[in-house]
Amino acid sequence: MAARGGSKGSRKPSAGPAPRLGHGEFVTWPGGPTAIYDLLERISAVAGDSPDFGTAGISLDRKRLVVRWFGEPPAPVRALLADHPDVEVTVQLTDFRPADLRAEAERLVAEHPAVLAAATARPEGDGIEVLVPPAVAEAAGGPEPAVAGISSDVPLFAEVGEAPPT
């Protein structure tokens with residue numbers, strides 16, 4: 001069973017696969033160390049609405065946290081990251097502002113619904129993952145040729161797939 005945490009609400013039990021999460025939200029899994037989730041909760045509370053805050057990554061052993069950020073994190077975030085004796089933290093700088101990637105992903109889906117089933121900012125902050133429906137990809141000769149005519153200022157990483165349920 002997982003619990004949803006983050007800046008948009010308290011932890012709530014959930015059954016089945018992890019829910020689609022909003023920016024600044026994360027899934028917590030019971031039975032492991034809570035220090036990493038406590039730190040992530042504090043970071044989300046301080047910086048969850050920042051356009052520079054990207055997707056955080058938690059190691060499988062739940063002892064390491066990667067905080068993705070565009071530019072230098074502000075002082076309150078740096079202070080939180082400096083005081084975490086039970087968690088190894090790495091700040092990974094992103095190539096693009098995470099909020100800009102999310103906005104670009106929304107624009108791409110809105111402007112190219114016949115070609116794109118979905119688009120999301122990559123957690124690494126280096127571009128946008130786009131899903132091309134199988135029939136569209138097949139007709140174009142693959143997902144990359146299908147998106148070749150789509151203009152974007154950020155790299156597109158195309159795969160064949162359908163939009164996930166909402």
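## Elements and model

Helices (H or I, at least four residues) and strands (E, at least two) are DSSP runs, numbered from the N terminus. By that rule P73 has its place in the loop between strand 5 and helix 2, a region to which this report returns below. The model is a predicted one, in which local features need pLDDT of at least 70 and side-chain atom pairs count only at pLDDT 80 or more, whereas totals for chains, interfaces and linings use all residues. Residues are numbered from 1 along each chain as its sequence is written, and side-chain values use heavy atoms, with hydrogens and water left out.

## The chain as a whole

The protein chain holds five helices and nine strands, which follow one another from the N terminus as β-β-β-α-β-β-α-β-α-β-β-α-α-β. Of its 166 residues, 35% are buried, where buried means under 20% relative accessible area, exposed over 50%, and partly exposed in between (1.4 Å probe, protein chains only).

The protein chain exposes about 9100 Å², of which carbon and sulfur atoms supply 55%; such areas come from the Shrake-Rupley method with a 1.4 Å probe, and for residues only the protein chains shown count as cover. Among the contacts (heavy atoms within 4.5 Å) between residues at least 6 apart in sequence, 53% join residues at least 24 apart.

Three strands form an open sheet in the order 4-5-6 with mixed pairing, two strands being paired if DSSP finds at least two bridges between them. Strand 4 and strand 6 stand at the edges with a single partner strand each, so one side of each has no neighbour in the sheet.

R64 lies in strand 5 and is partly exposed, with a relative accessible area of 37%. Leaving aside neighbours within four places in sequence, R64 is in contact with I36, G57, I58, S59 and E88. The C-alpha atoms of R64 and T90 are 7.8 Å apart in space, although 26 residues separate the two in sequence.

Strand 5, helix 2 (residues 75–82) and strand 6 make a right-handed β-α-β unit; right-handed here means that, with the strands pointing away from the viewer, the path from the first strand over the helix to the second runs clockwise. Within helix 2, V77, L80 and L81 are buried. These residues lie on the same side of helix 2, because they cover an arc of only 95° around the axis, the arc being that of the directions from the helix axis to the C-beta atoms. Helix 1 (35–47), strand 5 and strand 6 are included in what covers the buried residues of helix 2.

In the loop between strand 5 and helix 2, P73 is buried, with a relative accessible area of 5%, and, apart from neighbours within four places in sequence, P73 is in contact with R78 and V91. P73 and D52 are 21 residues apart in sequence and 8.0 Å apart from C-alpha to C-alpha. In the loop between helix 2 and strand 6, D86 is exposed, with a relative accessible area of 61%. Once neighbours within four places in sequence are set aside, D86 is in contact with A35 and K63, and its C-alpha atom is separated by 7.7 Å from that of I36, 50 residues away along the chain.

## The aromatic pair

Rings of Phe, Tyr and Trp (its six-membered ring) pair if their centres lie within 6.5 Å, and planes under 30 degrees apart count as stacked, over 60 as edge-to-face and the rest as tilted. By this rule the count comes to one aromatic pair. F53 and W69 form this tilted pair, with 5.4 Å centre to centre and 35° between the planes. The pair links distant parts of the chain, 16 residues apart, with F53 in the loop between helix 1 and strand 4 (57–58) and W69 in strand 5. Both F53 and W69 are buried.

## The hairpin of strands 7 and 8

Strand 7 (residues 118–121) and strand 8 (residues 128–132) run antiparallel and are joined by four bridges, and T120 has E129 as its bridge partner in strand 8. The two strands form a hairpin with six residues between them, and in the turn G125 has a positive phi of about 75°.
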